[in-house]
Amino acid sequence: MNSSKHAIHEGYDKIKTFYLALAHSAIIAAYSFIRPLKSAIFLSFVGASYLPSAKILSFIMAPALMFLYSTLLNASHRHKVATIFFGIYAIFIAIFSVLLISPTFGLENTVASSSRVLGWVFYLFLDFFNVLILETFWSFTNSISSPHFAREKYSIISSTARLAGVAAPILGWVALENFHKVVAFPSLCIITSVLLTVALISLQKITSGIPEEYLAGYSRDHEPYEQDASKKTGWLEGVKLLTRERYVLGIFIIIYSFNFVSTFADFQMQSLVSAAYHGEAKGIGKFFYIYTAIFQIIGFFFSKFGTTSLLKRF
């Protein structure tokens, strides 16, 4: 009986691994398609000199979005939160693809201006892709995965996605190289929307096709989070934890410092790229597709030979 149950468990783990790898690959491919477009569209529509303003706006918006995100995670099933955010991004990116065709608001208008709302909205909307899509995916994955499953399968899920992350920017570069920007940019947005839909369907396949008893993870499987009423949590508790626990403060300083340096370096690079290509969307997009392919290749080797060894060892 035990061996039979173990075989069933192994079978469901294979199904779960397949769909998680498919979902993560679709997400990373979508990100690799859309990230270069985010930079290309903002730099050509609005201009590199407004990048600091865009980052400040993003910083202002972040607390409200993080509050909404944490509230949804605490109040609902993880897969429902994923459905909401994946659906929103898939729909709005498809809408952006249509707007980019417009002679007035889209790519045919080659005059950079701070009044071009589409450039601002596109940039800010996609600036939260990592948090609202990638973090939601891993939150869901952790909620249905045991520590044993994580050690054995996470490296497979991650390295498979990195291959998709390498292929996507190469295909994006080919599209921009061979097609007019008014065709290439909207088409790549549509592909991104389809990939997010594939990721959403993959997660739904897991929740609908695998019994709940085989979806127990680090937390109490994928149920809404229930906390003791006497133990209130929130952003103020987070601030208190920073002042009370030195190691938490140290982690915060490391992450904050990295993000600060990364943001500054990214601004410098995007300004130089914009100047080199005279603010032309197609040239900027091609550069960032090559750049994305390179860091995805590096990420693949770290994932395959670094993460795998560490997970299996510890």
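Colleague: Which residues does leucine 20 touch, not counting residues up to four places away in sequence?

Modeller: Please bear in mind that this is a predicted model. With those sequence neighbours set aside, leucine 20 touches Phe137, Phe140, Thr141, Ile144, Ser145, Phe149, Ile157, Leu203 and Ile206.

Colleague: Which residues touch the most other members of the largest nonpolar core?

Modeller: In general, nonpolar side chains tend to be buried together in soluble globular proteins. Here the largest nonpolar core has 77 residues, and those touching the most other members are Leu20, Phe86, Tyr89, Phe185 and Leu203. The element that gives the most to this core is helix α1 (residues 2–45), with 17 residues.

Colleague: Does glycine 87 count as buried or exposed, and why?

Modeller: A residue is called buried when its relative accessible area is under 20%. Glycine 87 counts as buried because its relative accessibility is 17%. This glycine is found in helix α3 (residues 78–99). Beyond four places in sequence, glycine 87 touches Ala82 and Leu200.

Colleague: What separation is there between the C-alpha atoms of glycine 87 and serine 193?

Modeller: Those C-alpha atoms are separated by 9.0 Å, while the two residues are 106 residues apart along the chain.

Colleague: Where is serine 274 found, and which residues is serine 274 in contact with, leaving aside neighbours within four places in sequence?

Modeller: Serine 274 is found in helix α9 (residues 246–276). With those neighbours left aside, serine 274 is in contact with Leu43, Ala48, Gly279 and Ile284. Serine 274 also counts as buried, because its relative accessibility is 10%.

Methods
Residues numbered from 1 in each chain as written. Predicted model: local features only at pLDDT ≥ 70, side-chain atom pairs only at ≥ 80, totals over all residues. Heavy atoms only, no water. Helix = DSSP H or I, 4+ residues; strand = E, 2+ residues; numbered from the N terminus. Buried < 20%, exposed > 50% of the residue type's maximum accessible area, 1.4 Å probe, protein only. Contact = heavy atoms within 4.5 Å. Core = buried A, V, L, I, M, F, W, Y, C linked by side-chain atoms within 4.5 Å.
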